[in-house]
Amino acid sequence: MSTTQNCALVVGVTGMAGLSIAQALRNPTAQGGPWLIYGAARRPKPTWFPSSAVDHYITFDAVNFDDTYTTLSPLSSQITHVFWAAIYVGQTEEDNIKINSIMLSNVLKVLTAHTRPIKLRHITLQTGTSQYIGPIHFTSPSDAAQHEPPFHEDMGRLPYPNFYHVLEDVVKSYGSDLTYSIHRPSIIISALTRSVYNFLLTLAVYAEICKYQNAPFKYPGNRYTWEHFCDMSDARVLGEQHVWGATNEKAKNEVFNCTNGDVFSWKKMRGFLCEEFGVEFVPLDEGGGLFDLVEEMKDKENVWDRIVEEKGLVKLKMEEITCFAAVQTVLRFNFQLVSSMNKSKEFGFLGYVDSFKSVRFWIGKLRDMKIIL
Ligand SMILES: NC(=O)c1ccc[n+]([C@@H]2O[C@H](COP(=O)([O-])OP(=O)(O)OC[C@H]3O[C@@H](n4cnc5c(N)ncnc54)[C@H](OP(=O)(O)O)[C@@H]3O)[C@@H](O)[C@H]2O)c1
């Protein structure tokens, strides 16, 4: 490695954003490249992980300072950029605040402890649009929306505990020693299996079960989301925005939303998903109250196991690859989950994708990976 080469540490490289960040850095035309890329996660490499995405796959538990220190201190004289795409999800937001801030602080402490001047120059911090809507997982969705959509980056912090606030404070605490960019995606769409929140795979697993059991593919959301607009973030656009944020002077110490740049109604998206998955479209039926997908899936683990066995899919437990409760919560919002991309465009990031084409692309990937049929 030359002394001037940029060196990235992508923390959370097996996750939604992490893998796409590594792939965006690996792109031969990536700004700041060619990059030396360290991709880090807690667990060993999953079988589907494309080894070419990183130069070195490393593992450490960021919650554990000694482990973080042992693994990262030998790299502190090389790493110029950290891409933060890790997440811990606990039982309460207080847990999330404590553990996520320990993880980030441990990594930054180790990377800034030894070298003077500090080799590390920039951190891209991934958070999300729940910055604008409060603690969706811990209160009822009906009282969650506080800012009026479309969400703008300059909307102030809501008066709820939120681990995103603390992560922002950690990066800002480095003052002029370190620049940062903060990236706020909506629902992230990608194809992988190690994520806490994987919206597309959750819907895909539900569709496979419906097909297998000849059951209708029902909508677990409400009329509001069926009829109103929502947005998404293709992981490829997000990966590109991180790299842009890390390498553009104008983006330094700024916050950017990151969505595909278009909107859709769930009615339209459901119709599209039905065609893609090969299941029958069932109109929204509120006759007997909202359809409870979480309840419906409670006893389906063995059905999924049978599908995996009979169809020769990659052996993964339904519980580890789905997030039915989170999907249901989002589909029952009574506000439009829509963020403005104006600031991002004004600052020069022009990445976008058609959300329908994006969903088709990632469903194709899930099939290629033999995760779904
Ligand atoms: N998923 C979405 O739809 C979505 C939407 C908006 C915003 N966000 C936000 O985006 C950020 C990243 O989430 P994500 O969904 O991209 O993550 P993710 O797909 O769940 O992946 C998390 C990554 O972090 C790693 N990790 C977790 N704990 C670790 C530890 N102790 N030490 C080292 N690595 C660890 C995981 O590796 P192991 O599996 O090996 O632990 C994995 O690579 C979060 O702030 C999240 O709130 C996500």
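Predicted model: local features only at pLDDT ≥ 70, side-chain atom pairs only at ≥ 80, totals over all residues.
A residue counts as buried here if 20 or more other C-beta atoms lie within 10 Å of its own, as exposed if 12 or fewer do, and as partly exposed in between.

**Two residues of strand E5**

His122 lies in strand E5, and because 22 other C-beta atoms lie within 10 Å, His122 is buried. Apart from its neighbours within four places in sequence, His122 is in contact with His81, Leu178, Thr179, Tyr180 and Ala246. The C-alpha atoms of His122 and Thr80 are separated by 6.8 Å, although these two residues are 42 residues apart along the chain.

Gln126 also has its place in strand E5, which covers residues 122-126. Since Gln126 has 28 C-beta neighbours inside 10 Å, Gln126 too counts as buried. When neighbours within four places in sequence are left aside, the contacts of Gln126 are with Ala17, Trp84, Ala85 and His183. Between Gln126 and Glu94, which are 32 residues apart in sequence, the C-alpha to C-alpha distance is 19 Å.

Is Thr3 buried or exposed? With 7 other C-beta atoms within 10 Å, Thr3 is exposed. Thr3 and Leu111 are 108 residues apart in sequence, and their C-alpha atoms are 17 Å apart in space.

**The buried face of helix H12**

In helix H12, which runs over residues 324-331, the buried residues are Phe324, Val327, Gln328, Val330 and Leu331. Viewed down the axis of H12, these buried residues fall within an arc of 165 degrees, so they line one face of the helix. An α-helix has 3.6 residues a turn, so residues three or four places apart point the same way. What do the buried residues of H12 pack against? Their partners are strand E7 (187-189) together with helix H5 (199-213), helix H6 (223-227), helix H8 (266-277) and helix H9 (293-297).

**Two helix pairs**

Two packed helices are described by the angle between their axes and the distance between the axes. The table gives these values for two pairs.

| Helix pair | Angle between axes | Distance between axes |
|---|---|---|
| H2 (65-72) and H3 (93-113) | roughly 40 degrees | within 9 Å |
| H5 and H14 (355-368) | about 65 degrees | 11 Å |

For helix H2 and helix H3, whose axes cross at roughly 40 degrees, the angle makes H2 oblique to H3, and the crossing is right-handed. Phe65, Thr68, Tyr69 and Leu72 of H2 make the contact with Asn106, Val107, Val110 and Leu111 of H3. By class, this contact of H2 with H3 has 6 nonpolar and 2 polar residues, and no charged ones.

Helix H5 and helix H14 pack at an angle of about 65 degrees, and that makes H5 roughly perpendicular to H14. H5 passes H14 in a right-handed crossing. On the H5 side the contact is made by Leu200, Leu201 and Ala204, and on the H14 side by Val359, Trp362, Ile363 and Leu366. By class, the contact of H5 with H14 has 7 nonpolar residues, with no polar and no charged residues.

**Backbone features in loops and at the chain end**

Most residues other than glycine have a negative phi, and most peptide bonds are trans.

Asn253 has a positive phi of about 60 degrees, although Asn253 is not a glycine. Asn253 is found in the loop between helix H7 (235-247) and strand E10 (254-258), and because 13 other C-beta atoms lie within 10 Å, Asn253 is partly exposed. Lys370, a residue other than glycine, has a positive phi near 60 degrees. Lys370 has its place in the segment after H14, and with 13 C-beta neighbours inside 10 Å, Lys370 counts as partly exposed.

Methods:
Residues numbered from 1 in each chain as written. Helix = DSSP H or I, 4+ residues; strand = E, 2+ residues; numbered from the N terminus. Arc of directions from axis to C-beta. Contact = placed C-beta atoms within 7 Å. Axes fitted to C-alpha atoms, helices over the stretch in contact; angles between N-to-C directions. Parallel < 35°, antiparallel > 145°, perpendicular 65-115°, else oblique. Left-handed = near helix turned anticlockwise from the far one by under 90°. Nonpolar A, V, L, I, M, F, W, Y, C, P; charged D, E, K, R; others polar.
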